[in-house]
Amino acid sequence: MIETKVFALEPSAPDHAAITLAATCLQEGGLVAFPTETVYGLGANALMPSAIEKIYWAKGRPSNNPLIVHLARLDQLEQVAVNIPPVTWALAEHFWPGPLTFVLPRHADVPAAVSAGRDTIAVRIPAHPVALALLEAAAVPVAAPSANRSTRPSATSAQHVIADLGGRVDVILDAGMASIGVESTVIDLTRETPLLLRPGGVSLEDLQALVPSLVRYVPDHDSDEATAEPVSPGMLYKHYAPKAKVLLYEGDDRAVLTRMRADAIALQATGQRVGLLLPEDAIATFDAADTVIESVGRRGDLDSLAFTLFAHLRALDAQNVDVILVQQVPNTGLGAAIADRLSRASEGNLIKV
Ligand code: TXA
Ligand code: MG
């Protein structure tokens, strides 16, 4: 265990002394958890192999799952990537700083451990004033996966980081809730056809407006697990999972609600503690039942669902539910990112109504 220092910062005017201390910690090879607009990141100096090793250790992350490097400014891109295709600059101009990550050919100066031995590198400029202040002050590229223990839901608040990584990181910068709540969209620009590897904060539709040839990669688990370098390594692992089992319902709103209620009652009858993620208008349906309910806001409000999703999964775990029932969302816009996280949290427990 190491001593973890936590600093509460005003997002719009982060305290200079705390930023300087955290930046020095990064430069010297320490671990700093910091807020981004998507989720909290667990940062380390990307140019220092010993610091990178600490990330994998702190998270318990499989060593073959590569990290995203974070930059403060576009002029740092050529320090970490080479043979940058022209489309990169157009996308960066439009979407950076922001929740979009590019996979590009890796610069030889970046230790291979950052990308788990691959010759590519994932990189983004985050749009959060605290992240940008830290990256600017550190003046080195910063590798930062989501600041959760491996397999757990990502951390969208400093409290989540403390719960998962307290005693394993040197510094945590607390600037309240991350504003988007799901991770960045990852696109691979090293292939003939650009591939969307992970849906996230920027939608496929918005990206296709600039890059019409962009397609979403559909993981093929059999062939991916058979190769040393799967196309989208992060998609292979158990992920975003609360301790409770997640049951995911797909179908017409009313039919799903009826089925969820029947299942909730049946599960309770077997002695299980049932948790539900529900839109406001559906909560009354469950009032009589003795369930633990987390409200996700107005039905169809995807921004609100993304913002609270991981916090709700963690909250239900904290209340020791055995099973969580939740309805799947449409696969468009931000819904694609939410649907992906829900489907992976549920590990294939899909109920079509
Ligand atoms: O929003 C985000 O992206 C957050 C914040 C902290 O920036 N970071 C994040 O990192 O979600 P992480 O490590 O949890 O997810 C990184 C994803 C994984 O799916 C990983 O497999 C993929 O990016 N990735 C990283 N480098 C890659 C590479 N060279 N080739 C293919 N996929 C890569
Ligand atoms: Mg992650």
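## Basis of the description

Because the model is predicted, local features need pLDDT of at least 70 and side-chain atom pairs count only at pLDDT 80 or more, whereas totals for chains, interfaces and linings use all residues. Residues are numbered from 1 along each chain as its sequence is written, chains are lettered from A and ligands numbered from 1 in the order in which they are written, and side-chain values use heavy atoms, with hydrogens and water left out.

## The site of ligand 1

Ligand 1 takes up the space of the largest pocket; a pocket is an open set of points, on a 1 Å grid over the protein atoms alone, where a 1.4 Å probe fits, with protein on both sides within 12 Å along at least five of seven lines, and a molecule sits in it if more than half of its atoms lie within 2 Å of its grid points. The elements that give two or more residues to the shell are β4 (68-70), β6 (120-124) and β10 (195-198), and β6 gives the most, with three residues. Strands here are DSSP runs of E with at least two residues, and helices are runs of H or I with at least four, numbered from the N terminus.

Of the 25 residues around ligand 1, T38, N65, H70, S184 and G234 come nearest, where a residue counts as near if one of its heavy atoms lies within 4 Å.

## V130 in helix α5

V130 belongs to helix α5 (residues 129-138) and counts as buried because its relative accessibility is 0%; buried means under 20%, exposed over 50% and partly exposed in between, with a 1.4 Å probe and protein chains only. Leaving aside neighbours within four places in sequence, V130 is in contact (heavy atoms within 4.5 Å) with L9, P11, P14, I19, P35, L173 and A175. P11 is 119 residues from V130 in sequence, yet their C-alpha atoms are 6.0 Å apart.

## Backbone features in loops

A cis peptide bond with omega of about -10° joins W96 and P97, and P97 lies in the loop between α4 (86-95) and β5 (100-105).

A139, a residue other than glycine, has a positive phi near 55°; A139 lies in the loop between α5 and β7 (142-143) and counts as exposed because its relative accessibility is 53%. E347 has a positive phi near 45° and is found in the loop between α11 (335-345) and β16 (350-352).

How values were computed:
1 Å grid on protein atoms, 1.4 Å probe; cavity = no way out; pocket = protein on both sides within 12 Å on 5 of 7 lines; lining within 4 Å.
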